[in-house]
Amino acid sequence: LCDIMRRTTQAERPQIEPLGDAQALRVLQRDVREQPMPDAIEDYIARLVLATHPDSLFAAPLARRYLLYGASLRGAQSLALGGKAMALLRGRKVVTAEDVRTVLVRSLQHRMILNFEGVASGIAPRDILANVVQVTEEPADVESPA
């Protein structure tokens with residue numbers, strides 16, 4: 001804590017070395033958005049998000065018990081873009097359920113609100129998300145979108 005405080009409050013600024021330029025970043029952002037996503041993966045993302053909603057038909061048991069509010073559309077968007085980025089980084093031509101699961105915790109853990117029982121029990125959002133993945137049926141073999 002003291003080290004961070006010292007680094008961020010002193011007059012001397014750390015030297016930052018650029019890893020790329022703005023144009024390269026724009027190209028990467030475009031490539032992520034253009035990464036194909038099969039309908040089955042879009043449906044999987046929707047079911048994962050709905051499984052965090054305690055009153056949903058898709059609700060995971062731990063979500064039903066410990067959450068007041070589940071993830072929103074922004075969570076689904078985060079899963080979609082994160083899944084596309086993972087597919088691109090892994091050299092895949094399309095997004096898979098594995099790509100989506102890889103970004104699930106980082107995309108959703110801060111987008112859920114625990115209820116009183118959840119706070120009192122000390123359950124971690126990542127444990128609820130593990131239950132969400134466990135009970136949400138993964139799509140069968142996914143083919144590239146036409």
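Select Ile45 first. Isoleucine 45 touches Met37, Ala76, Leu79, Ala80 and Val100, with residues up to four places away in sequence not counted. Contact here means heavy atoms within 4.5 Å. This is a predicted model, in which local features need pLDDT of at least 70 and side-chain atom pairs count only at pLDDT 80 or more, while totals for chains, interfaces and linings use all residues. Numbering starts from 1 along each chain as its sequence is written, and side-chain values use heavy atoms, with hydrogens and water left out.

Buried means under 20% relative accessible area, exposed over 50%, and partly exposed in between, with a 1.4 Å probe and protein chains only. Now colour by element. Helices (H or I, at least four residues) and strands (E, at least two) are DSSP runs, numbered from the N terminus. In soluble globular proteins, nonpolar side chains tend to be buried together.

**H5 against H6**

Show residues 73-89 (H5) and 97-108 (H6). These helices pack at an angle of about 135°, with their axes 8 Å apart. Axes are lines fitted to C-alpha atoms, for helices over the stretch in contact, and angles run from 0 to 180 degrees between N-to-C directions. H5 and H6 are therefore oblique to each other. Angles under 35 degrees count as roughly parallel, over 145 as roughly antiparallel, 65 to 115 as roughly perpendicular and the rest as oblique.

H5 contributes Gly75, Ser78, Leu79, Gly82, Gly83, Met86 and Ala87 to the contact, and H6 contributes Asp99, Val100, Thr102, Val103, Leu104, Ser107 and Leu108. By class, there are seven nonpolar, six polar and one charged residues. Ala, Val, Leu, Ile, Met, Phe, Trp, Tyr, Cys and Pro count as nonpolar, Asp, Glu, Lys and Arg as charged, and the others, Gly among them, as polar.

**Gly83**

Stay on H5 and pick Gly83. Glycine 83 counts as buried, at 0% relative accessibility. Beyond its neighbours within four places in sequence, glycine 83 is in contact with Val95, Asp99, Val100 and Val103. Draw a C-alpha to C-alpha distance to aspartate 31: 13 Å, across 52 residues of sequence.

**H2 against H5**

The axes of H2 (residues 22-34) and H5 come within 8 Å and cross at roughly 105°. That makes H2 roughly perpendicular to H5. Leu28, Asp31, Val32 and Arg33 of H2 meet Leu81, Lys84, Ala85 and Leu88 of H5. This contact divides into five nonpolar, no polar and three charged residues.

**Two last stops**

Go to Asn115, in the loop between strand S2 (113-114) and helix H7 (116-121). Asparagine 115 counts as buried, at 16% relative accessibility. Asparagine 115 touches Arg65, Tyr66, Leu67 and Leu68, not counting residues up to four places away in sequence.

Finish at Glu137, in the segment after H8. Glutamate 137 counts as exposed, at 61% relative accessibility. Leaving aside neighbours within four places in sequence, glutamate 137 is in contact with Tyr44 and Arg47.
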